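Good morning, and thank you for making the time.

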Amino acid sequence: MEDLGLKIFGAILTTIMAFTVGMTYGGIVRKLTARVQNRYGPPVYQNFLDLLKLQSKKTNIAHGFMGHMAPVWIIIAAVTVLMFIPILNGNLWFPNLSFHGDLIFLLYMMVFGSLGMALGAGQTGNPNSAIGVTRGLSQMVGYEIPFVLALVALMIQFQTTSVQDLTQVQHETGVWNAFANPFAFLAALLASLGMFRYSPFDIVGAPAELASGPVSEFGGKYLGTMMSGGAVFAFIKLTLYVHLFFGGAGNPDDSGILATLAGIGILLVKTFLLYMIPVFYGWINPRYRTEQAIRYFWGWPTALGIVGVLWAVFFN
Amino acid sequence: MENDKNSQKIVDYIGNFARKHSLFVLAYGTGCGAIEIPATMTSRYDAERFGIRGAATPRQADVLLITGYLSTKTLKRVIRVYEQMQEPKYVIGFGSCTVNGGMYYDSYNTINGLDQYIPVDVYINGCMPRPEAVISGFVKLQELIMAGKANNGEKYRENLEHYRSNQKKIIKNWKMPDYNW
Ligand code: SF4
């Protein structure tokens, strides 16, 4: 019983942490973007204010059942996936369900949120939403291929599909997977550019072109809920990447308060640095068209992914 | 928004604080004043430091910015947009043309006085107002929001008949639903 209590406590703590970190990163990015554009920029906590405002809107309109469910669906998907991601390697505070999920399951679950968004956007009947959804799904087809190839390379190389085991391998050998299989890492890194949807891959939202795409008919609480879901998803992707390629964070042999805090610190540093890659790439790039984006992902990233798989097969 | 003791509830206070610092603007570029909006938003005047940012659609917007003269044809679209916005919603009339018609006061094709058709929270006068004036208008709006006095969305719904009759005087071929949800 005590165990269960600790697990629930850990799950709540994880969710709060993921949400806070995701929102804060978003705020930091807004501030940094402003500084790059020679502006002063909004405060770092601006995203929290936006969320609070959206949640305190007095009227909220939904266009039917799926329009009502889509934000809920997104947040459910986000929290579910979060439970299957190891936050700290082997830590007793955040065990969640990380031992019971593997990469293939995660791959499946990660598109769940987008699916909810697509259904909700479809019901609003706004043409911009429909175009946004088709663009989003096309882009997903684009970046999922190098991403999956990179993951397959890792799975072959270490003969396991468990995120936990992959992190543990890196912890034991001391070699990050980013170096153990550099090609898979590069493929995954390039795929992450599409995953985070910063320029040049912001073809889904595209405010000036599509009026923010799938979310164009969502306002108030619905938009706020979607924002929170998006923040959690950003944290999920970053943490997954850190655990797969950057040696993870946390010490499996020590779950003391100090070691846990140190682990969280390392996780934050690593995720933040990783997050800066798509953001930096976005600052210097204008928006691609859909077919350009897909061609981009099916070019070098996919080639690197295939090389990564071959590397895993022949050199290990 | 105010309770019987003439002060705001703590919930409203927090809500108003967030509303004040997070204004999503739908800049409806109706007239020449629209050219000042890019200047206000970009690096020289940087409205984002006040939490003011552009919204892409009426559903997400809090502030409707009418930038300048409003032709009778555009009025219909403005009404649709305004009614689609979610409460609390604010309107800023931008430039002399929205106040009294400005230099188009005797035009056959523009309206004089925006607040006959939709309730306006803040007017910014000038032909055209500089970005400093625009930002000061936003600051004025923020003060109104903080004081709980910016609830024109409710006012519009309560006095819908009055506004409708004014609108229908201008829009002869009214082919819209009763209320554009
Ligand atoms: S107030 Fe002046 S600048 Fe603004 S729309 Fe009217 S004529 Fe143009």
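I shall speak about the helices of chain A, then the sheet of chain B, and finally the ligand.

Some conventions come first. This is a predicted model, in which local features need pLDDT of at least 70 and side-chain atom pairs count only at pLDDT 80 or more, while totals for chains, interfaces and linings use all residues. Residues are numbered from 1 along each chain as its sequence is written, chains are lettered from A and ligands numbered from 1 in the order in which they are written, and side-chain values use heavy atoms, with hydrogens and water left out.

Let me begin with chain A. Helices (H or I, at least four residues) and strands (E, at least two) are DSSP runs, numbered from the N terminus. Helix H6 (residues 127-158) of chain A packs with helix H9 (residues 182-196) of chain A at an angle of about 155°, their axes being 8 Å apart. Axes here are lines fitted to C-alpha atoms, for helices over the stretch in contact, and angles run from 0 to 180 degrees between N-to-C directions. H6(A) is therefore roughly antiparallel to H9(A); angles under 35 degrees count as roughly parallel, over 145 as roughly antiparallel, 65 to 115 as roughly perpendicular and the rest as oblique.

Which residues of H6(A) meet H9(A)? They are Gln139(A), Tyr143(A), Pro146(A), Phe147(A), Ala150(A) and Ala153(A), where contact means heavy atoms within 4.5 Å. The residues of this contact of H6(A) with H9(A) comprise 10 nonpolar, two polar and no charged. In this scheme Ala, Val, Leu, Ile, Met, Phe, Trp, Tyr, Cys and Pro count as nonpolar, Asp, Glu, Lys and Arg as charged, and the others, Gly among them, as polar.

H9(A) also meets helix H12 (residues 257-283) of chain A: their axes come within 9 Å and cross at roughly 70°. That makes H9(A) roughly perpendicular to H12(A). Leu189(A), Leu193(A) and Phe196(A) of H9(A) make the contact with residues of H12(A) including Leu274(A) and Tyr281(A). The contact of H9(A) with H12(A) has eight nonpolar, no polar and no charged residues.

Let us turn to chain B. Five strands form an open sheet there, in the order E2-E1-E3-E4-E5, with parallel pairing; two strands pair if DSSP finds at least two bridges between them. At the edges are strand E2 (52-54) and strand E5 (122-124) of chain B, each pairing on one side only. From one strand to the next, the twist averages 30°. Helix H5 (residues 131-146) of chain B packs on the sheet, and its direction makes about 165° with that of E5(B).

Between E5 and H5 of chain B runs a loop that contains Met128(B). The peptide bond joining Cys127(B) and Met128(B) is cis, with omega about -5°.

What surrounds the ligand? Cys127(B) and Met128(B) are among its surrounding residues, as are Cys32(B), Tyr69(B), Cys97(B) and Tyr104(B); a residue is near a molecule or strand if one of its heavy atoms lies within 4 Å of it. By class, the shell around the ligand has seven nonpolar, four polar and no charged residues.

Thank you for your attention.
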